[in-house]
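Subject: Structure for your files

Hello,

Please find the structure below. My notes on it come after.

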Amino acid sequence: SGVSNEWGTNYAGHFFQVAEKMGYALPQGLKRNWVKFQKSAARSWQSQSSTVRSYSQRYQAYRLYTLALAREPEFGAMNQLRENSYLDNSAKWILSLAYYESGRKTEAANLIQTLPYEVEDYTELGYSYGSSTRDEAIVLLTLNKLDKKTAATEVALRIAKKLNSQSFYSTQTTAFA
């Protein structure tokens, strides 16, 4: 069988959760198999070398968030990632969502308490297909969930201004924004 794309597998699972919530039926066994695969990947994840650390952390955080959305949280893996002393800020924001969706709102709030709401400008064509705007959309989602309305408004206005420009944005960026 082929090699899976970690971010793509997470993104597909995210799509499953949204579709299901909107009333669409998923093919029989699809979600169960996805959950089984993701739980196995979450449990076997280990921190990588510094060159791929941030990508690997984002993969794991997004995996944990989508499992939480599926009501299948992996608390052991969430706690292991949270305790990583080199945890990337983007991974922290996504992990905060995982805690929130798992009913652990205090842990979610504590994780992002000292983080900046702005993301340094970047674009990646591989790995997590990220950008500063995509990551700020994740910040916005987290702030909304945690009821931090003033901060969320500032981030939303910044994102809206970017989306209103003539710039090209990837599917990942526009989907999250």
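The model is predicted, so local features need pLDDT of at least 70 and side-chain atom pairs count only at pLDDT 80 or more, while totals for chains, interfaces and linings use all residues. Residues are numbered from 1 along each chain as its sequence is written, and side-chain values use heavy atoms, without hydrogens and water.

Thr-66 is in helix H3, residues 53-69 (helices are DSSP runs of H or I, at least four residues, numbered from the N terminus). Thr-66 counts as buried because its relative accessibility is 0% (buried means under 20% relative accessible area, with a 1.4 Å probe and protein chains only). Beyond its neighbours within four places in sequence, Thr-66 is in contact with Asn-10, His-14, Gln-17, Trp-34 and Gln-38 (contact means heavy atoms within 4.5 Å).

There are six aromatic pairs in the structure (rings of Phe, Tyr and Trp, the last by its six-membered ring, with centres within 6.5 Å). The rings of Tyr-62 and Tyr-65 are stacked, because their centres are 6.4 Å apart and their planes at 25 degrees (stacked means planes under 30 degrees apart). Both tyrosines, Tyr-62 and Tyr-65, lie in helix H3, three residues apart, about one turn of the helix, and both are buried. Tyr-62 and Tyr-65 also belong to one aromatic cluster with Trp-7, Tyr-11 and Phe-176.

Arg-134 lies over the face of Phe-176, at 5.9 Å from the ring centre (the criterion is NZ of Lys or CZ of Arg within 6 Å of the ring centre and within 35 degrees of the ring normal). The charged end of Arg-104 sits over the ring of Phe-75, 3.8 Å from its centre.

Regards

Methods: Helix = DSSP H or I, 4+ residues; strand = E, 2+ residues; numbered from the N terminus. Buried < 20%, exposed > 50% of the residue type's maximum accessible area, 1.4 Å probe, protein only. Phe/Tyr/Trp six-rings, centres within 6.5 Å; stacked < 30°, edge-to-face > 60°.
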